[in-house]
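This report describes how the elements of one protein model are arranged. Please consult the sequence and the structure alongside the text.

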Amino acid sequence: WAGPIQFNMRLFVICAALSALLSCSSDLERGYKQLKSADIVLPTYESIVINGKDSIISEDYFATKLKYIVFCDSTNCNQCSIDHIYSWEDFIEYSNTLDHQLSFLFIYFPPKNEIEEIHTALYLTEFNYPMILDSVGAFRSQNPHIPTNRMFHNFLIDEKGHIIFVGNPLLSDESSALFKETVEDYLNQNS
């Protein structure tokens, strides 16, 4: 009896793993379709922090052909994201080589009980790039089609808000190369 029971257990484990993999794949596909179901709307922000100081920047600052959105809400550790903000410096330098046709938007929408803590963290971060504290949730309310799964909280949009790349280029060399290839292909086709 041990043979058939062991075989059935292995078969069950393989079937369960395959089912989980297919379910995960369909969840990702559903999330991707949901994200791409509408264009991204960028609200006007009043709380922008650069180098730890409240700043006012012209609307032209983000009037680039491409914008890469890093959206951190209650599903993310906002403090962790702020602590690792310097990881983006190489990509910001890369954007500088593109005649500023690519900008980055770091949008933080923390839970209400963390707003003051995140606000303080933004002020303590001497990062020389705009970081947005969206304390009223304008980005989320104007873009309800963004899935709650944080895998879909990093994406590249064009001037019209069309999503042309989904993913975090910091995660691997392959995603970094794909991100840069997408940016350069788009800029070459739309110059």
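Among the 30 residues of the largest nonpolar core, those touching the most other members are L102, F104, F106, Y108 and F179. A nonpolar core is a set of buried Ala, Val, Leu, Ile, Met, Phe, Trp, Tyr and Cys residues joined through side-chain atoms within 4.5 Å; buried means under 20% relative accessible area, exposed over 50% and partly exposed in between, with a 1.4 Å probe and protein chains only. At least two residues of this core come from each of β3, α3, β4, α4, β5 and α6. A separate second core of 17 residues includes Y45, L105, I146 and I163.

The model is predicted: local features need pLDDT of at least 70 and side-chain atom pairs count only at pLDDT 80 or more, whereas totals for chains, interfaces and linings use all residues. Residues are numbered from 1 along each chain as its sequence is written, and side-chain values use heavy atoms, with hydrogens and water left out.

Residue I163 lies in strand β7 and counts as buried because its relative accessibility is 7%.

| Residue | Contacts, leaving aside neighbours within four places in sequence |
|---|---|
| L102 | T64, L66, K67, Y68, Y94, S95, L156, F179 and V183 |
| I163 | L35, K36, I40, F155, L156 and I157 |

Helices (H or I, at least four residues) and strands (E, at least two) are DSSP runs, numbered from the N terminus. Helix α6 comprises 17 residues, 173-189, and spans 24 Å from first to last C-alpha, close to the 24 Å expected at 1.5 Å a residue, the expected span being 1.5 Å times one less than the number of residues. Its buried residues are S175, S176, F179, T182, V183, Y186 and L187. They lie on the same side of α6 because they cover an arc of only 130 degrees around the axis, taken from the directions from the helix axis to the C-beta atoms. The face turned away from this buried side carries the exposed residues D173, E174, N188 and Q189. The cover over the buried residues of α6 includes β3 (66-72), α3 (89-96), β4 (102-108), β6 (154-158) and β7 (163-166).

An open sheet of 7 strands has the order β2-β1-β5-β4-β3-β6-β7, with mixed pairing; two strands pair if DSSP finds at least two bridges between them. Strands β2 (53-55) and β7 each have a single partner and stand at the edges, so one side of each is without a neighbour in the sheet. Strands β6 and β7 run antiparallel and are joined by 3 bridges; F155 has V166 in β7 as its bridge partner.

Terms used:
Contact means heavy atoms within 4.5 Å.
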